[in-house]
Every structure is written in C-alpha cells, then in structure tokens.
Amino acid sequence: MTTPTTCRRCGRCCLQGGPALHRADLPLIGDGGIPLERLITIRRGELADNPVAGGVRATRVELVKIAGSGRDWRCCYYDEAARGCRIYGRRPQACEVLQCWDTAAILALVETDVLSRLDIVAADDPLRPLIMNHERACPCPDLERLGSGISQLTEGERTALQDLVARDLTFRDRAVRRLGLSLGLELFAFGRPVFQLLQPLGLGIRMTSRGPELQWP
Ligand code: SF4
Ligand code: SF4
C-alpha cells in the first residue's frame, strides 16, 4: 500500500473525535458558527489520548473540543452520508493542519495555545462564576494515581472520592435548574461528571435514597 500524500477524504480522523480548539479558533465560536452546545470540555487532569506521549495520559492543560455525535466521540460536524465536514470552510485550526501522512504540524499543536472555557465565556456571562466555583469545589481527581492503585486507597480516600462524586452531581443539578442548561451546555461548562471519569478505572455508580454510591472493583 502506498503512503498517501493528499487527503482522500476517508473521514477516519473525523471519526476518531472532534479537535481541541486553539486561540486561532476563537472567532469561530458563538456567532462565528460553532455554538457552545457543540463543545465539550476536557478538564485538566482528565485522561485522554496524547499522540506526542504515545498513549493515554492525564491532560496537563484544559482542552475545549468539538463534541462527539452523542453515540460516540466521532465529530458532531462529520456528515457520514456525504463523507465530509459540515463546517469545512470554517473548520478549526487542528483540522486544517491535519495531514495523516505527515503529522508534524498536528503534533506541534498538542496542548499548545489551546482555548480554555474562560477564554471563551464573556466576562458578564453567568456561566463564568459557575465554571470557576465548580473547578474549585469539584476538581478532577488524580486519575493516573487512581488508575495505578485504586485497591490501595484508604477508607478516608474512598470517602473523599465518594463525596466528590456526590458534590459534582449536586453542583450540576443546581446549575442546570438555575440557568436552564442543555446537556450540551453542561458538558461545555463543567466537562463530564466525575463518576464518568472514574468508570474506565473500573468504578461504577449506584443511585440510592442517600444519593450516589460508588461501586468499587
Ligand atoms: S487527513 Fe487522512 S484520515 Fe483524515 S480524511 Fe484525510 S486521508 Fe482520511
Ligand atoms: S470539524 Fe470537520 S474536519 Fe474537523 S473533525 Fe469535525 S468533521 Fe472533521
């Protein structure tokens, strides 16, 4: 098989997930065409594929990405029938530079000059204080450490994690009610719930009359 030197529009890159946004993409957001509901935040410390490191790592910076399609991570702007991008003329920087046959330019963008939620949300947006308060009250746990030793957690550490999961869900619930947030806006504002970040590590969750309860592996 010969190595391609031009894009065959196979869509494989778009099926693997939407891009992280960079400073150059700021004009595309909001009235520029990409609504906040189409974005998802990967908070600092979440586990994500890092092509520079060659595997899944905790992110060193916050990333705001184009969201998946709902079923999976495939970019929500990918049109499978037409095998093309619905926003091709205004696609983000990472999509513009991506050449799967020569990854130097895309690798240079990894966790570099990225946009954060606070770069995007206006100073007077009511979401702004909520984002900051949520980050203070419910930071992403140390997932790399948990992944390498969940069975060694002390009783106190388990309780702290349980409390974090419950606090995160309560915070979201209140914010959603107060501002009438759609699921898309919630995922932009607060990223994925903490319990979802724990699921790949083998932790489940059960809703009880006392609130959410973690199921330990
Ligand atoms: S950049 Fe590569 S993977 Fe992406 S659509 Fe083009 S040929 Fe396919
Ligand atoms: S924005 Fe367009 S080019 Fe970029 S990943 Fe999504 S569908 Fe593909």
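This is a predicted model: local features need pLDDT of at least 70, side-chain atom pairs count only at pLDDT 80 or more; totals for chains, interfaces and linings use all residues.

Reader: Which residue follows H8, and is its phi positive or negative?

Author: Helices (H or I, at least four residues) and strands (E, at least two) are DSSP runs, numbered from the N terminus. Gly191 comes after H8, with a positive phi near 70°.

Reader: Which residues of H8 are buried, and what do they pack against?

Author: A residue is buried if 20 or more other C-beta atoms lie within 10 Å of its own, exposed if 12 or fewer, and partly exposed in between, with C-beta atoms placed from the backbone. Contact requires such C-beta atoms to lie within 7 Å. In H8, Leu187, Phe188, Ala189 and Phe190 are buried, and the buried residues of this helix pack against S1, H5 and H7.

Reader: Which residues have the most contacts inside the largest nonpolar core?

Author: A nonpolar core is a set of buried Ala, Val, Leu, Ile, Met, Phe, Trp, Tyr and Cys residues joined through C-beta atoms within 7 Å. The largest one has 32 residues, and Leu39, Val64 and Ala189 have the most contacts inside it. At least two residues of this core come from each of strand S1 (39–42), strand S4 (63–66), H5 and H8. H8 gives the most, four residues.

Reader: What span should H7 have?

Author: The expected span of a helix is 1.5 Å times one less than its number of residues. For the 25 residues of H7 (residues 155–179) this gives 36 Å, and the end C-alpha atoms are 36 Å apart, which agrees. Its buried residues are Leu161, Val165, Asp168, Arg172 and Ala175. Their packing partners include helix H5 (127–137), helix H8 (183–190) and strand S7 (204–208).

Reader: Where is Arg9 placed, and is Arg9 buried or exposed?

Author: Arg9 lies in the segment before helix H1 (12–15). Arg9 is exposed, with 11 other C-beta atoms within 10 Å. Although not a glycine, Arg9 has a positive phi of about 55°. Asp113, also not a glycine, has a positive phi of about 55°. Asp113 sits in the loop between helix H3 (104–108) and helix H4 (117–120), and is partly exposed, with 13 other C-beta atoms within 10 Å.

Reader: Which residues are the closest to ligand 1, and how do the residues of its shell divide?

Author: A residue is near a molecule if its C-beta atom, placed from the backbone, lies within 6 Å of it. Ala, Val, Leu, Ile, Met, Phe, Trp, Tyr, Cys and Pro count as nonpolar, Asp, Glu, Lys and Arg as charged, and the others, Gly among them, as polar. Eleven residues surround ligand 1, the closest being Cys7, Cys10, Arg12, Cys13 and Cys100. This shell comprises six nonpolar, two polar and three charged residues. Around ligand 2, the residues include Cys14, Cys75, Cys85 and Cys95, and the shell divides into ten nonpolar, one polar and one charged.

Conventions. Residues are numbered from 1 along each chain as its sequence is written. Chains are lettered from A and ligands numbered from 1 in the order in which they are written. Two residues are in contact if their C-beta atoms, placed from the backbone, lie within 7 Å.
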